[in-house]
Amino acid sequence: MNEKVLHTLEYHKIIDMLSECATSASGKELCRNLKPSVDLKEIQLAQQQTSDALTRIYQKGSLSFSGAHNVGASLKRLEVGGILSIEEFLKIASLLEVSKRAKAYSRNEREESKADSLEELFARLEPLTPLLEEIRRCILSEDEIADDASATLKHIRRSIKNTNEKIRSQMNELLNSSRSHLQDAVITMRDGRYCLPVKAESKGQVPGMIHDQSSTGSTFFIEPMAIVKLNNDLKELYLKEREEIEIILANLSSLTGEYIPYLKDDYDILTELDFIFAKGSLAKKHNGTSPVFNKERRIKIRRGRHPLLDSRKVVPIDIHLGEDFDLLIVTGPNTGGKTVSLKTVGLFTLMGQAGLHIPANDRSELSVFEEVFADIGDEQSIEQNLSTFSSHMTNITSILKQVNENSLVLFDELCAGTDPVEGAALATSILSRLHDYGIRTMATTHYSELKVFALSTAGVENACCEFSVETLSPTYHLLIGIPGKSNAFAISGKLGLPADIIEDAKTRMTEQEENFEDLISDLETKRTAIEKERLETEQYKKEIEALKHKLEEKQERLDAQREKIIRQANEDAHAILREAKEVADQTIKNFHKYGQANPSAKEMEQERSKLRGKMSNLEKNMALKQKETANHKVPKKLRIGDSVKVLSMNLKGTVHTLPNDKGDLYVQMGILRSLVNIKDLVLLEEPPTLGNKKKSTGAGKLKMSKSASVSTEINLIGKTTDEAVSLLDKYLDDAYLAHMPSVRVVHGKGTGALRKAVQGHLKRLKYVKSFRLGEFGEGDSGVTIVEFK
């Protein structure tokens, strides 16, 4: 890839952001050297590694590689039999500790998920725990070797301590006995030997060796003769200590030399992992996704956001090129977003081929281009005595010499800066040549002739950046299929240019130019109207679907009620028949009884009266039921929590919501929550007993507790699919019983397996009204929004 386009599209700024995500010096260096590749397999592997790193970051957090020092020079010294210094051993220990930390990080991941493209790298790491422990046992810091590094060193240091104590003891005795001859009552050190500060006039009174003299000559630093031997012994012990430390370092060097290949591999692997996790961190920062690469030179960017713009302000754009057309001409006013759209396509291509995720929605597509050429910006050269137009033409000439069918070409304001007629003709010829070769090209322009060229040529398409004349500001939406207007007259009028000047300018336009601009204006008006109608149609479709869903629910409810009524009627009829049979049997039995015993008329009449009374009671009960159903008093003032009876279902329940304008409200009947009309209710009068109060209060507290304890979001990142579905099922039950309208399920992006499992489970739940992936700002495809019925 040519260096010029990397600079033009500001690829180096992306690399700077990537380097900041690396945590080791070698990892940062690898990031700085990253260049786009043209090998499809290499690109796909790099993209997969970035995706796997991003998944691990979402599951377990970032992994720091700080401390992975470059120990190459130290290892070369070991190869030739050299002895390493304390500082070098500490760097090797730091490298091994990073390796150990990375190994543990990978082990935790492997227990929870299947192997990915990074598993092999983690598996090849060798923490060399015995070597690490030996180095840490022997070396405490850059300035200190542990006493326990060897038995000899421990013995020497014990001897040094004892000798020091003897010297100090004798020096204190001499200090007390010769205090009158001393300048100060202190013990000092000169050349590593203990001395006393003796007055110049008393130096003969203190026998010993003179080691130094003060600058004024008034004080001599004398080593008393009584401790000369002890000082000599101490000096000798220090020499032995240094020799023993050299032996310890030599032994450590010999031990480390056995692991040279492993140390080299650890350093290389940790550097590569730091680089890969830096790509994952950058993808997380930009909310990036892995693009799908194709071999058909097709570009399809879904909701792409330029990575160098403020993510809170940038307007996502949709761009496609290479499927229905290979040349896209973008027109519209200045500062409308044309150049940003152009740079987005080029920069996404470079990032994708470098193995970096792009800040766009899932299923965005890119292709592998051998070269990307861009002529963007003012490249006027004072040193080469070139004007803006000449500089651009020099660049364009160079591009035309190098370009081939596997190239992507980007032109910003093609052939601007010269006579408009000649510039438009030249631009048309250049684009026509590239179009004939089938080269994927995107160009921005103000020339109306290029709009006509796009309208009249197959395989060439117009596009524009939308502009609001009312607010004099661009909306930054890219509209493919619609040529743009410069809106010069409208903008000038809004900015206060006199109307007569604008009208005079309009008269100076040719009729053909004016008709073309009017055509563009009409197309834009029609597009806006069609877009509005499309949105209204979608809204109507949603409303129809909702009504259809409600009707289906109502029909299901009516069917269930009808079946219940029929079943109840059959049961009642069966009971009536059974009771009638029993009465008939009893009557026949009595008839035979009285017939045989010659009963009196009075007894017979009593039996008949008893039977007649029973029938009257049954008829009275039936009339009361019919009256209750047909002429019951409709409740006027219902309160949440009132006890009611649903006549159509013959069930008792509790008012859960107040009636709407149509009189519909929700009633909770045990675990069943149903929408009924107020005309179908009878208010039940319940005595306010102490027991009822306690029961009502308990239920209210339970319901409030459930509503308060259920979160509006569940995070399933890091769970297996079985664990996630089990947790999700219980959470959705609790949320539905708490009467929450919707919840947010966080499953992450990763490989998509968890998302598929979540959405598959949601399809099977009858109380789920709908679900969808989150939009930009809600978590994108890493989140599913669930709405309850």
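**A sheet and the helix on it**

Modeller: Of the 789 residues of the chain, 40% count as buried; buried means under 20% relative accessible area, exposed means over 50%, and partly exposed is in between, with a 1.4 Å probe and protein chains only. This is a predicted model, in which local features need pLDDT of at least 70 and side-chain atom pairs count only at pLDDT 80 or more, while totals for chains, interfaces and linings use all residues. Residues are numbered from 1 along each chain as its sequence is written, and side-chain values use heavy atoms, with hydrogens and water left out.

The chain has 22 helices and 25 strands. These are DSSP runs numbered from the N terminus: helices are H or I with at least four residues, and strands are E with at least two. Among contacts between residues at least 6 apart in sequence, 66% join residues at least 24 apart; a contact means heavy atoms within 4.5 Å.

The part to look at is an open sheet of 4 strands, in the order β22-β23-β25-β24, with mixed pairing. Two strands pair if DSSP finds at least two bridges between them. β22 (713-715) and β24 (768-773) are the edge strands; each has a single partner strand, so one side of each has no neighbour in the sheet. From one strand to the next, the twist averages 20 degrees.

Now take the residues of α22 themselves. Leu754, Val758, Gln759, His761 and Leu762 are buried. Seen down the axis of α22, these buried residues fall within an arc of 155 degrees, so they line one face of the helix. The arc is that of the directions from the helix axis to the C-beta atoms. What covers the buried residues of α22 includes α21 (721-737), β23, β24 and β25. On the other side of α22, Lys756 and Lys763 are exposed.

For comparison, look at a strand elsewhere in the chain, β13 (residues 407-411). 5 of the 5 residues of β13 are buried. Ser407, Val409 and Phe411 lie on one side of β13, Leu408 and Leu410 on the other, and both faces are covered. β12 (residues 371-375) runs parallel to β13 and is joined to it by 5 bridges, with Ser407 as the bridge partner of Glu371. β13 also pairs with β14 (residues 440-445) in the parallel sense, over 4 bridges. In that pair, Leu410 stands opposite Met442 in β14.

Note on methods. Axes fitted to C-alpha atoms, helices over the stretch in contact; angles between N-to-C directions.
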